[in-house]
Amino acid sequence: MEVHGVWVDALRLGLPRTAFELIATLLLVVRSAQALEMSVGKIPFLEAVNGSTVVLPCTYSSCIGIENLYFRWQFNDNGTMQRVCDAVIPSEGVVPKVKMYKERFEFVGKNRNNNISILLWNITFEDGGQYTCFGRNPKEKDKNHSAIFKLIVVDELREVDNTLTIIIASAVGGAIALLMGFMLLKNFTLFVLAKLEEKNKECLVTSSGIDNTENGLSGSKVDSKPKPPKQK
C-alpha cells in the first residue's frame, strides 16, 4: 500500500486531519522497518599494518526478504568511485557469481547469513580510504541502501597507553576491598556485641538467684519450728 493512496482514502472517508496524519506516520514507520539495510558492523573502520590482509565486512537485512538483490563494493579514490566488485543474489542462501574489477580482492562472504564481505590481500598505503557497500532490492521496489567502511593503513600499530585504565581498575579494586573490609569488621563487631550481651544476661540471672537466697526467699532453708521451753 502506498502512502499517497492512504492519504486519498482518508480524505474520502472524511477522517480528521490528525487521524490520517497518524495513519500515514505509522505506515511510514512500518515501511522503514521493512526497508533494506546494509551494515559494516558496530565499528565502521579498521587500522591495519602495511602488507597485511584484511576483511572488509558487510551484511544486508530485509524484513520482507530479497529477490535478485544487487550489491556492489566501491572504493573512493580521492573523490573518484572505483568499482571493486558487484553481483546479483537471486535469493537468500544462494552463492552469487561475483565479478571482480580490481586485483587482490576476493569475495569471501559467500552470502552465508547475508554476508557479502570481501578480502583484500597484501594491503598498501594506496588502499587506505573509504569503501562503500551498496545494495538494491527489487522486491522492495528497488529500495537501496549503503554503508561506508574506512580502512587506515599504517607502518605499525600504535601501542595503547593503559595507564589510565590501570589507575581506574586499581581505584575500583581498592574501593571494593575497603568495602569488603568494612563489612567484615561490622559483622565481627556485631558478633562480639551479641556475645557480650548474652554473657551479661547470664550474669544478671545468676546474681538475681544469689540475692534471693540471701534474703530468705525461694531456695533458702528456714527452720519454722518453735524452740521447746527450758525445763526448771
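1. Strands β5 (69-77) and β10 (129-137) run antiparallel and are joined by seven bridges. Two strands count as paired if DSSP finds at least two bridges between them. Helices here are DSSP runs of H or I of at least four residues, strands are runs of E of at least two, and both are numbered from the N terminus. Asn76 stands opposite Gln130 in β10.

2. This is a predicted model, in which local features need pLDDT of at least 70 and side-chain atom pairs count only at pLDDT 80 or more, while totals for chains, interfaces and linings use all residues. Residues are numbered from 1 along each chain as its sequence is written, and side-chain values use heavy atoms, with hydrogens and water left out.

3. The average pLDDT (the predictor's confidence in each residue, from 0 to 100) is 81 for the protein, and 71% of the residues score at least 70. Over residues 26-32 pLDDT stays under 50. For that stretch the model has four contacts beyond four places in sequence, a contact being heavy atoms within 4.5 Å.

4. The protein has three helices and eleven strands. Along the sequence, the pattern is α-α-β-β-β-β-β-β-β-β-β-β-β-α. Among contacts between residues at least 6 apart in sequence, 53% join residues at least 24 apart.

5. Nine bridges join β10 to β11 (143-154), and these two strands are antiparallel. Cys133 has Ala147 as its bridge partner in β11. The hairpin of β10 and β11 has five residues between the strands, and Lys141 takes a positive phi near 55° there. Seven of the nine residues of β10 are buried, which leaves the strand mostly covered. Buried means under 20% relative accessible area, exposed over 50%, and partly exposed in between, with a 1.4 Å probe and protein chains only.

6. A second topic is the open sheet of three strands, with the order β3-β9-β8 and antiparallel pairing. Its edge strands are β3 (54-56) and β8, each of which pairs on one side only. The twist averages 30° from one strand to the next; axes are lines fitted to C-alpha atoms, for helices over the stretch in contact, with angles from 0 to 180 degrees between N-to-C directions. Three bridges join β3 to β9, and Val54 has Leu120 as its bridge partner in β9.

7. The largest nonpolar core has 29 residues, of which Trp73 and Ile116 touch the most other members. Such a core is a set of buried Ala, Val, Leu, Ile, Met, Phe, Trp, Tyr and Cys residues joined through side-chain atoms within 4.5 Å. Elements giving two or more residues to this core include β3, β5, β10 and β11. Beyond four places in sequence, the contacts of Trp73 include Leu56, Cys58, Val84, Ile116, Ile118, Tyr131 and Cys133.

8. Asn111 lies in the loop between β8 (105-107) and β9 (118-120). Asn111 counts as buried because its relative accessibility is 2%. Leaving aside neighbours within four places in sequence, Asn111 is in contact with Tyr60, Ile89, Ser91, Glu92, Gly93, Val94 and Pro96.

9. The accessible surface comes to about 17000 Å², of which 59% belongs to carbon and sulfur atoms. Areas come from the Shrake-Rupley method with a 1.4 Å probe; for residues, only the protein chains shown count as cover.
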